[in-house]
Every structure is written in C-alpha cells, then in structure tokens.
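Thanks, everyone. Please have the structure open while I talk.

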Amino acid sequence: MYTQDAFQAQRSQLVELLVSGSLEGFESVLDWLLSWEVLSWEDYEGLSLLGQPVSHLARRLLDTVWNKGAWGCELLTAAVQETQADRQPPELPGCWEPHSPHPARDLQSHRPAIVRRLYSHVEGVLDLTQARGFISQYECDEIRRPIFTSSQRARSLLDLATVKANGLAAFLLQCVQELPVPLALPFEDAACKRYMSKLRTTVLAQSRFLSTYDGTENLCLEEIYTENALEIRMEADVAGPLQQSSATLGLEELFSTRDHLNEHADTVLVVGEAGSGKSTLLQQLHLLWASGRAFQEFIFVFPFSCRQLQCLAKPLSVWTLLFEHCCWPDLGQQDVFQVLLDHPERILLTFDGFDEFKFRFMDRERHCCPTAPTSVQSLLFNLLQGNLLKNARKVLTSRPDAVSASLRKHVRTELSLKGFSEEGIELYLRRRHREPGVADRLIRLLRATSALHSLCHLPVFSWMVSKCHQELLLQGGGSPKTTTDMYLLILQHFLLHASPPDSAAHGLGAGLLRGRFPTLLRLGRLALWGLGTCCYVFSTKQLQAAHVDSEDVSLGFLVRAKRVVPGSTAPLEFLHITFQCFFAAFYLALSADTPPSSLRHLFNGHGPGCSPLARVLPKLCVRGSGYKEGSVAALLQGAEPHNLQITAAFLAGLLSQERRGLLAECQVSEKALLCRQACTRRCLARSLRKHFRCIPPAVPGEAKSMHAMPSFIWLVRSLYEMQEERLAWEAVRRLDVGHLKLTFCSVGPAECAALAFVLRHLRQPVALQLDHNSVGDIGVEQLLPCLGVCKALYLRDNNVSDRGICKLTEHALRCERLQKLALFNNKLTDGCAHSMAKLLACKQNFLALRLGNNHITAAGAEVLAQGLRANTSLQFLGFWGNKVGDRGAQALAEALGDHQSLRWLSLVGNNIGSVGAQALALMLEKNVALEELCLEENHVQDEGVCCLAKGLEKNSSLKVLK
C-alpha cells in the first residue's frame with residue numbers, strides 16, 4: 001500500500017518530474033487529478049495562477065495532495081506516470097445522456113480525453129459557442145489570448161463551462177461527442193520519444209540564458225527579454241490611402257494565418273536592421289517552445305546560425321544537418337528520421353542571420369533527396385523553397401538589404417522588426433538595472449538628451465547605454481550624439497576595464513588609446529579581412545594569421561561564437577556585426593597600410609551586391625578587379641554592401657573634425673589623416689551628386705520629385721556622423737526638388753536626426769514623405785530642426801502618438817512654410833485635438849490636414865471644430881477611419897457651414913448615422929466651397945440619404961458625393 005511517508009520520500013523526485021517537462025505536462029497532471037476528484041475546484045483554481053513559476057505551483061500541488069491522504073498521493077503519482085508516458089487518455093463513452101443532470105461533472109470526469117479531442121478544434125468550438133450566445137465576445141477574447149496554447153484554450157473553455165449556468169456545459173458535451181476521434185500520435189516509439197526529450201532539453205539549455213554582447217554576463221532570458229515591435233511588412237504597391245496601418249504582432253502570432261505573400265510557401269521572413277534584436281527574438285521563440293509555453297504545434301525545433309553554417313565546407317544532407325549539426329538521436333536514428341520525413345508539419349527550423357551567409361540565394365539548382373549530400377548553400381536554399389521538408393515551417397532572419405526578389409517569391413509572410421518603443425527602452429533599462437535609482441537616472445538622462453534617446457530604439461544601443469551607465473551617469477562622460485560617439489564610449493569602457501585598477505585615465509585620452517593602439521589595429525585588420533571575405537567567426541588559425549593573441553582577445557571585443565556547429569574550428573566572433581564594422585573603420589582611418597584612394601570603395605557602391613553577376617560570383621569579381629588579393633581595396637570590394645554602409649558611417653565619424661585631435665594622439669601621421677579626411681569628404685559629395693543626377697525632370701505642372709535610392713539614407717547618416725555643418729550645406733545646396741520621398745526606407749529616430757541635420761540646409765522648401773517607417777515620437781522630435789524647410793510632412797504609418805504630434809504642432813506654429821500634414825495610420829487620440837485646433841486657428845496659410853485611421857472620437861472632433869471656425873485657408877480635411885459618430889459629425893458640420901476654402905472632406909468609416917447626415921446636409925445648404933464629400937462605410941439610413949439629397953438641391957459647389 002502506498003503511504004504518505006513514501007510520497008514524502010519521493011518529493012524532490014516528483015518536483016523534478018513536474019518541473020522538468022513543459023507547462024503542458026503540469027497542466028495534464030491537474031486534468032487527471034480533477035477527473036479523479038483528487039482536487040476540488042478550489043484546489044484547482046489555486047494551482048492555475050498565470051505568471052507563477054511552475055516550481056512554486058508544483059510544490060503547492062504536492063502539499064495539497066499530501067493533505068488529502070495516502071489515496072491522493074497514490075493517484076498523483078499515477079497522474080505523473082500517465083503524463084510522463086504520454087498515454088492516450090481513456091476514450092469518451094459511446095454516447096452521452098441527452099439530458100444529463102450534471103453536465104459540468106461529466107466534463108470534469110472525462111477532462112483529459114475532452115482536452116485531447118478539443119485540441120485541434122478549439123477555435124471552431126469557440127466560434128460556435130459565441131454564435132449561440134453561450135459566451136460573450138470578451139470571454140472569447142480572454143480565452144484566445146495569444147499566450148495560450150490550444151490545450152490551454154480548451155481548458156479555459158471547460159473552466160468557464162463549470163461556472164456558467166446557461167447551458168454551456170451541456171452544449172459542450174454535445175459538441176465534443178460530434179468531434180472526430182483524434183488519431184494516436186505517431187511519436188510513440190521509444191527512440192523517437194527519447195529524441196524528442198533530448199532535443200527539447202538541448203534547445204532549453206541553449207536558450208534559457210541570454211549571453212550579453214560582450215559575453216561577460218549570462219542573464220535569465222525570461223527576466224530580461226523585452227518585447228520588440230514586430231509588424232507585418234507591407235508592399236509599397238499595395239499601400240492605398242485608405243489601407244489600415246501595418247498589423248503589429250506578438251511573438252506568439254509569428255505563424256498567424258493572415259496576410260500571406262505566398263500561401264503555398266513555408267518560410268516566415270523576419271527582417272530588421274543590425275542590432276534590432278533578431279537573434280534575441282529567435283532565442284525567445286526557442287525558449288517558449290522548449291518550456292512548453294508556446295509553439296507546441298511543433299514537436300521538433302532545430303535552430304541554426306547562418307554565419308556558422310557557411311563555415312561547413314563538406315557536403316551535407318538533411319540527415320547530417322539535423323542530426324550531426326543540431327541534435328543526435330541516441331537510439332533508432334533511421335526510425336527518428338523517418339518520423340521527421342513523414343510529419344514535416346510538426347517541424348520548425350530557424351536560420352538566424354541570412355545577411356551573414358556569404359552565398360547569394362538562387363532557386364535554379366533543385367535538390368530533393370533528403371539523404372543525398374549537397375553543398376550547404378544548396379541545402380539551405382532548397383529547404384527555404386520547400387524542395388526539401390515541404391510543409392516544415394522555417395523562420396529566416398535577415399537585414400532587409402540582403403533579401404532578394406527571388407527569395408521573397410518563396411516567403412509565406414514577411415515581418416519587420418522595428419526595435420524598441422519608448423516604453424520598451426524604459427522597460428529594458430529597468431530590467432537590466434534593479435539597483436535603486438539607477439534605471440530612473442538613466443531614463444531621465446535619455447529623456448533630456450533626445451539624440452542619445454533616438455539611438456536606443458535599437459536594442460544594441462540600449463545595451464551599450466546600460467553597459468556604460470557609470471560613464472554616462474557617474475563620470476560625467478557627456479552624452480553621445482552620434483553612433484560613432486556611442487561606440488567610442490563603449491571602446492573607452494572596455495579599455496578602462498582592461499587597465500590596471502589604479503590607472504588615472506578616466507576618458508578616451510592619449511595614454512589609454514596609445515597604450516592599446518597596436519591591439520586595436522590588429523583587431524581592425526582582422527575585422528576588415530572578415531568583412532572582405534564574408535567571414536564573421538574566426539578559427540585559431542585565422543587569429544594567428546592576423547597576429548591576434550590571447551592578450552588582444554582579453555580586451556573583450558572577441559567572444560566565443562554562439563551555437564558553434566559541432567566540429568567547427570571557428571570559436572571566436574566580434575561582439576556584434578556592428579563592432580566588426582567599427583573596428584574595420586578604425587583600421588581604415590588609422591592604419592599606415594590604408595591608401596586614401598581605397599576609401600572610395602566605401603561610398604561608391606562597388607560592392608558585389610550592386611550587379612546580379614557580381615552577387616552570384618563575388619570572388620570572381622574581386623579577382624578580376626586588378627587589386628592585389630588581401631589589399632584594402634580588394635577587401636572593400638569583396639565586402640557586403642550593407643556592411644560597407646555601416647563601416648562608411650563609422651569612418652566618417654572617426655575622421656570628423658571633432659575626433660581629429662584624438663586620432664592624432666595615436667601618433668598617426670597628421671598628413672595621412674588629413675588626406676583620408678579629404679578623400680572621405682570628396683567621396684561623400686560625389687556619391688550624393690550621383691544620386692541627384694538620377695532625379696528625373698519634373699512633369700509639367702508638378703514639383704520635381706526624388707525617390708531616395710537604398711543607400712541615400714546611409715550617405716546622409718555618414719554626413720551626420722561627421723557633424724560638420726559646412727559639409728552638410730555643400731552636400732545639398734544644389735539639390736532642387738519639391739518632393740523628397742523616403743517611404744519604406746527603414747527610417748527610425750536615428751535616421752531622422754541625420755535627415756534633419758542635412759535637410760535643414762536646403763535652399764528651397766520641400767515636401768518630405770516618410771510614410772511606412774519607424775519614426776515614432778522620438779523621431780518626430782529629431783525632425784523638428786528641419787521643419788522650417790518643409791512645406792509638407794507625410795508621416796503615415798509611423799507609430800506616432802499624441803505626445804509626438806503635440807511637439808510637432810507646437811513647433812509648426814513657427815514654421816511659415818509648412819502647409820500640409822499627413823498623419824494617418826498612427827496612434828492619435830483626442831489628446832492631440834487641442835494642439836491640432838490651435839494649429840488650424842493660428843496658421844492661416846495651412847492647406848491640408850489628414851488624420852485618417854487613428855482613434856479620434858466625437859470629443860476630439862468637437863475640439864477640432866473650434867479650430868476650424870477660426871481657419872480661413874484649409875482645403876483638405878481627412879477624417880476617415882476614426883470614431884467621430886453623429887456628435888462629431890454635427891460639430892464638424894456646424895464649423896464648416898460657412899467655411900470659404902475647404903474643397904475636400906472625408907468622413908469614411910466613422911460610424912455616422914442619419915443624425916450626422918442631417919447635420920451635414922444643413923452644412924451643404926450653406927457651404928459654397930466644398931467640392932467632394934466622402935461618406936462611405938457609415939450607417940446613413942434612408943432618412944439621412946433624403947436629407948443629403950435635399951441639401952444638394954441648394955448646393956452649387958459639390959461635384960462628388962460618395
């Protein structure tokens with residue numbers, strides 16, 4: 001007989017069993033105990049608390065069951081065994097009593113089997129129960145919270161049926177009986193189950209801790225992970241004026257079924273700039289899967305790093321990739337592999353950093369045999385196309401510039417990682433610094449220095465601010481303004497920490513930099529060689545060839561490579577790709593081996609990505625270029641364009657006037673520095689002129705327009721890094737365009753600062769179009785210095801809130817040239833209405849205000865109407881997709897009754913009924929200027945239509961009513 005003493009003796013073992021598996025396993029144990037009536041409903045509620053660590057809940061469960069006596073202890077042990085064995089629950093009875101007096105009790109008695117049967121059908125059952133009125137929309141949304149798995153949603157529905165007395169329990173009994181019986185899982189083989197457990201344990205061990213960029217800390221990912229803005233990436237040619245803003249997703253919605261580019265494809269593409277958090281996002285995905293909290297539709301998850309895969313020289317097959325380079329099955333390798341081939345829909349493969357994969361994507365070479373070896377690039381490309389493991393899901397991360405049109409043809413969904421929001425920056429700093437007051441002081445510093453704040457929307461910069469918080473707060477190190485400033489600060493931080501404790505150096509001065517100058521040059525040469533050969537991890541042999549020794553490595557800029565492929569001889573990598581670019585720029589600026597003429601390759605776009613042939617045959621292009629192999633010029637020609645752009649910006653920053661004294665202290669020839677500085681200036685000016693020459697002539701009657709080419713933003717950023725007003729003025733003094741279009745250009749707050757620094761020197765006013773970017777409130781603040789030269793500003797779909805717009809309108813009051821604002825598809829509410837009203841009332845040359853697809857209600861419309869009454873110039877007013885309703889329509893109609901200039905008014909999709917239509921009809925009777933009124937997607941009934949018709953009888957100006 002099982003005793004409580006025996007149960008107590010096994011306590012630690014039981015806790016380990018309950019905790020070591022997934023959360024799904026723990027909840028399955030609760031299902032069994034509920035069905036056997038070991039736990040009461042009150043017991044169950046106390047053990048189902050969201051957010052509590054599983055270890056706490058497991059110990060509480062053991063305490064609860066121990067108090068039930070020996071029978072309860074015995075049944076708990078049996079429940080754990082059932083769950084560990086993953087046995088099929090007993091099947092449901094053949095039929096239910098049609099009018100069971102205790103339906104809730106029946107649901108509880110057969111709970112494990114019901115949860116299993118509901119698993120694949122819970123969404124349909126939820127829709128049905130809501131349609132029949134058994135649950136409300138709110139209850140349905142609560143059950144469908146993105147963090148819940150299908151099993152958790154099924155349990156939440158059963159829990160709700162227990163407490164609702166409206167017939168839901170009886171209805172669910174009927175629904176469950178009609179559902180098809182689930183097939184037995186095809187993973188019952190002992191070898192397969194052992195492999196599944198090993199793979200989950202391996203991935204959990206790899207993902208549980210977040211290694212910081214410098215490798216000096218291992219932080220619990222759960223405690224530090226901060227949500228990054230993840231949006232469905234829109235195509236420029238489908239973005240109509242009435243389209244909603246890009247959908248923002250949670251990580252758990254990565255495989256949502258909406259907005260497919262190609263519904264037959266298997267690959268989800270996540271793009272983001274360098275340092276935007278792509279690798280950490282994948283690590284969080286792996287952790288959620290391995291811990292059983294999300295993505296449980298996948299039984300097998302295989303993580304890979306593209307920079308590691310490209311180190312593999314030998315041919316490999318799918319078998320080799322999954323087993324030898326991820327996780328090896330200890331038993332039954334052939335049986336396990338057959339299960340993978342038979343059920344690819346239960347497999348997820350992740351490939352991190354496709355932009356660091358030196359081979360360009362091609363879809364011409366077909367390889368369809370999973371056991372036949374092929375090159376690593378052929379294997380990866382055929383996996384992405386679905387020629388291998390079709391229906392297995394793949395997640396690929398990359399910088400946007402490395403994704404070709406041919407690759408996008410094989411992408412199911414493309415998502416854009418936008419970086420931290422303002423709230424995300426603060427949350428990250430609070431999680432990194434739990435010491436009293438430190439995070440608060442850092443946040444106050446960021447708010448007071450907008451340039452530094454604008455950099456931190458990229459997680460890599462937030463990490464730098466966190467890492468250098470002592471320099472920023474305690475040592476009065478000043479506030480970095482540019483990217484180069486920030487990397488020099490982190491350089492100072494590492495050099496100081498590598499110096500003797502009694503070192504007197506407190507800044508990046510002569511002694512500190514000169515003492516480590518040979519080391520920094522060796523690291524720079526290694527970084528440049530790596531960029532030129534597309535190598536981002538370095539073997540011991542490569543380090544020796546670059547004369548990088550253990551003392552150089554001890555500085556901390558080279559760290560152990562993450563997820564090293566077994567058998568690989570590439571153990572070290574730079575902290576981040578941007579650090580590799582920084583050190584390459586440092587070498588180019590200060591090495592005596594750098595001919596000034598070679599720097600032109602950084603700015604003139606001669607990298608291998610600039611022509612189709614060169615992208616296919618990069619090495620051939622370098623060999624045929626006439627440059628000595630291994631020379632600076634040859635390396636720059638062999639580097640990827642997106643890495644060259646980052647390096648160019650760093651070089652410009654290092655060769656700025658502000659840094660001239662610092663570099664001269666390294667005992668570098670002043671003449672050589674001046675030559676490189678002059679060459680950099682010439683190259684920047686020449687590249688910008690090349691852009692300007694590509695501007696087509698203006699269409700007769702229209703303003704001359706320029707749509708920026710991909711590298712334009714980086715040229716502007718390079719100008720900004722130099723921080724020389726004269727150079728910026730010279731760069732744009734000949735630019736004569738009326739419209740500058742920078743849509744879908746990944747413009748964030750840092751790019752806004754650079755644009756403002758350069759564009760404020762324009763001689764003629766310009767319409768600046770920044771639609772579909774990541775400007776945000778911080779970016780709006782950075783744009784203010786150039787607002788004086790803008791005659792129009794378009795900020796569609798930029799995640800701008802009331803705070804940013806209030807600052808914008810306050811500044812706009814002093815900008816005589818600004819006449820148009822387009823702010824649709826943002827996060828504006830009634831909170832910005834007073835600022836908008838003031839703008840309308842005070843700027844009597846203002847022509848157009850478009851506020852569509854925001855969150856403005858009747859209250860905001862009433863406030864804006866006050867500004868309209870005082871305005872005599874507005875011609876276009878867009879309010880589509882808000883919620884002004886009848887009351888808001890009345891307020892606007894009253895304000896516009898005798899308005900003399902408004903020609904176009906859109907109130908599409910504003911929940912306006914007949915009352916609002918009547919008010920607009922009265923406005924039409926009085927107004928003699930309005931030419932077009934848009935009222936689609938409202939609720940105007942027959943009565944409202946009749947009123948509008950009567951209003952039109954007395955109106956002589958309106959040409960379009962729709």
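Start with helices H26 and H31, which count as roughly perpendicular to each other because their angle falls within 65 to 115 degrees. The angle itself is about 90°, and the axes are 11 Å apart. Keep in mind that this is a predicted model.

Who makes that contact? From H26 we have Tyr487, Leu488, Ile490 and Leu491. From H31 we have Thr578, Phe579, Phe582 and Phe583. Sort them by class, and the contact has seven nonpolar residues, one polar residue and no charged ones.

Now the rings. The whole structure holds 35 aromatic pairs. A pair like this is described by two things, the distance of the centres and the angle of the planes. Take Phe323 and Phe337. Their ring centres are 5.8 Å apart and their planes are at 75°, so this pair is edge-to-face, given that over 60 degrees counts as such. Phe323 sits in helix H17, residues 318–324, and Phe337 in helix H18, residues 333–342. The two are 14 residues apart, and the pair links distant parts of the chain. Are they buried or exposed? Both Phe323 and Phe337 are buried.

Next pair: Phe582 and Phe650. Here the centres are 5.3 Å apart with the planes at 80°, so this one is edge-to-face too. Phe582 belongs to H31, residues 577–590, and Phe650 to helix H36, residues 641–654. The pair therefore ties together parts that are 68 residues apart in sequence. Phe582 has a relative accessible area of 2%, so it is buried, the cut-off being under 20%. Phe650 is buried as well, with a relative accessible area of 2%.

Phe461 and Trp463 take us to helix H24, residues 459–467, where both are among the buried residues. Nine of the nine residues of H24 are buried, so the helix is largely enclosed by the rest of the structure. That list includes Lys467 and Ser466.

Two arginines also deserve a look. The charged end of Arg200 sits over the ring of Trp289, 4.4 Å from the ring's centre. Arg850 lies over the face of Trp904, and there the distance to the ring centre is 5.3 Å.

Last, the two loop residues. Leu39 is in the loop between helix H3 and helix H4. How buried is Leu39? Its relative accessible area is 3%, so it counts as buried. Setting aside residues up to four places away in sequence, Leu39 touches Leu30, Leu33, Leu34, Leu47, Leu61, Thr64, Val65 and Gln108. Leu76 is 37 residues from Leu39 in sequence, and the C-alpha atoms are 10.0 Å apart.

Gln844 is in the loop between helix H44 and strand E18. Gln844 is partly exposed, at 34% relative accessible area. Beyond neighbours within four places in sequence, Gln844 is in contact with Ala870, Asn871, Thr872 and Ser873. Gln844 and Asn871 are 27 residues apart in sequence, yet 6.2 Å apart in space, C-alpha to C-alpha.

That's my tour. Over to you for questions.

Conventions: Residues are numbered from 1 along each chain as its sequence is written. This is a predicted model: local features need pLDDT of at least 70, side-chain atom pairs count only at pLDDT 80 or more; totals for chains, interfaces and linings use all residues. Side-chain values use heavy atoms; hydrogens and water are left out. Rings of Phe, Tyr and Trp (its six-membered ring) pair if their centres lie within 6.5 Å; planes under 30 degrees apart count as stacked, over 60 as edge-to-face and the rest as tilted. Helices (H or I, at least four residues) and strands (E, at least two) are DSSP runs, numbered from the N terminus. Buried means under 20% relative accessible area, exposed over 50%, partly exposed in between (1.4 Å probe, protein chains only). A charge sits over a ring if NZ of Lys or CZ of Arg is within 6 Å of the ring centre and within 35 degrees of the ring normal. Axes are lines fitted to C-alpha atoms, for helices over the stretch in contact, and angles run from 0 to 180 degrees between N-to-C directions. Angles under 35 degrees count as roughly parallel, over 145 as roughly antiparallel, 65 to 115 as roughly perpendicular and the rest as oblique. Contact means heavy atoms within 4.5 Å. Ala, Val, Leu, Ile, Met, Phe, Trp, Tyr, Cys and Pro count as nonpolar, Asp, Glu, Lys and Arg as charged, and the others, Gly among them, as polar.
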